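Biologist: Hey, can you walk me through this one? I'd like to start with how it is divided up.

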Amino acid sequence: MTRRGLMTGTALAAGGIATLAFSLPALGFALGPIFEDTTPTVWQDVGPEDDFNEDTYVPRVINITPEIGDAGKTTIYMRAFNPRRDKVIEGQDPQPYVAISTRCAHLGCPVRYIQASQKFVCPCHGGVYGFEGQVEGGPPVRPLDRFYTRVELGRVEIGDRFSLNSDLERFAPRDPSNHLDGLWQYLYPARPTT
Amino acid sequence: MSPPLPRGLRPKPRRPGDNGNGRNGPNGSTVAPPKPTVKDQAVEGTASAIGWVEERTGLTPFLRFFLFRKVPKGTNWFYTLGSATLFAFLSQAVTGVFLAMFYEPDPTRAYESASRITNEVFLGEFVRGMHKWGSSVMIILIFVHMARTFFFGAYKYPRELNWVIGVVLLVLTLLMGLTGYLLPFDQRSFWATVVAVNINASGPLVGPYLADFLRAGAEFGPTTITRFYALHMLLVPGLIVALIGAHIYLVTKLGTTAPPWLKAEKKDLLTEEI
């Protein structure tokens, strides 16, 4: 090794270390939100048990992100568990109430429940879902998401969101457009944020 | 070797006996040089100020290299589309800086501050309109500029790298459009951004993480709008400025192409000579 080579190497190494010393923490800071779950489970009261029945949906507004005002609110559709229509999946405790998210599984537009046809319809790209939220037409890739429900002192509470595949089996919450059936599900893994 | 100055800018040689300095008068006397006029003094002062900068920077060859290039025959109005795009970008930059003085990137205040710009701030509606419509103008100009480059074959050797830089600039400009669309924070911009982020999420494997990065979490949260704002006014414009610099340097270095129809003419000329 020559003296010149040593000096060149030292200068390059020092510059490289200095660059990494600021860029790595900055990059970690920017990417941090990908790896942390900052949304704790909050159970939200949506009314007494009498408000909901087995055969039709009732809209309720819940807060997904409380800090941001109206933008953090979302509508959900609620009904009681219907033993004649809802099948119980083995190994998954049935929810006392069915709370359907209005976030379309295609690209996240808000769906609306049409009582006359007992279907959920998305205004953006024509997604249609049946009574249990299963896909009946249009581009959506999986059924509508749901929320965990529980009953505390006669009042119904809403918890975290979860996603379902076409057999209505539960998965960790996914973004709209993420498939959950067959081999597709491995291309859209559960994320650390949820 | 820098290109020569255009004829109009070249220093004119003095006419014989015109300098007035020590000119011979009648009977062997010398005539005093005429007093410099105000115009002469202004010219002299400007020249010495430019000389001061030039002596310390040596900028002249660079400016000459940049400004006095030779252009091929047949250069026409289509060759101004790149400059037009550049001016659209400058307009976006200037109006954006002034809009940032009134805009508040906060989910509960963004809409109010944006409507305050439109309804209360002096000329606010006009400047916001310039920024909003200017963004579409810029994207249209980019595509027309790109079409010109494509149909004139100006992307071919040795200009491939400049085409690649141009494509990156196109993508960055579209990213500006995406991040800027959220900022008014009305129903349309909110839902359009929700859909746009979910389109990103539809990419296999990296998509869901990319969506989490854009939202700063699993849900549209309090820092989503500040994140879009920072991307919109700091990161992406910085990259665009740097790449525009590289783009224009390469245009200067490689020169522009002649329009394709001129090549045919030249070939005819050659056959005639033989």
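Predicted model: local features only at pLDDT ≥ 70, side-chain atom pairs only at ≥ 80, totals over all residues.

Biologist: Switching to the contact between chains: how many residues does it take from chain A and from chain B?

Modeller: It takes 24 residues from chain A and 24 residues from chain B. On the chain A side, 12 are nonpolar, nine are polar and three are charged.

Biologist: Now helices. At what angle do α3 and α5 of chain B cross?

Modeller: Roughly 155°, and the axes of α3 (residues 81–100) and α5 (residues 124–151) of chain B come within 8 Å. Angles over 145 degrees count as roughly antiparallel, so that is what α3(B) and α5(B) are to each other.

Biologist: And who makes up that contact, by class?

Modeller: The contact of α3(B) with α5(B) has 13 nonpolar, 10 polar and two charged residues. The crossing of α3(B) and α5(B) is left-handed.

Biologist: Last topic: in what order do the strands of the open sheet in chain A run?

Modeller: The order is β5-β6-β7-β8, four strands with antiparallel pairing. At the edges are β5 (112–114) and β8 (135–137) of chain A, each pairing on one side only.

Biologist: What about β5 and β6?

Modeller: β5(A) pairs with β6 (residues 119–121) of chain A over three bridges, in the antiparallel sense. Arg112(A) stands opposite Val121(A) in β6(A).

Conventions
Residues numbered from 1 in each chain as written. Chains lettered and ligands numbered in written order. Contact = placed C-beta atoms within 7 Å. Nonpolar A, V, L, I, M, F, W, Y, C, P; charged D, E, K, R; others polar. Axes fitted to C-alpha atoms, helices over the stretch in contact; angles between N-to-C directions. Helix = DSSP H or I, 4+ residues; strand = E, 2+ residues; numbered from the N terminus. Parallel < 35°, antiparallel > 145°, perpendicular 65-115°, else oblique. Left-handed = near helix turned anticlockwise from the far one by under 90°. Pairing = 2+ DSSP bridges.
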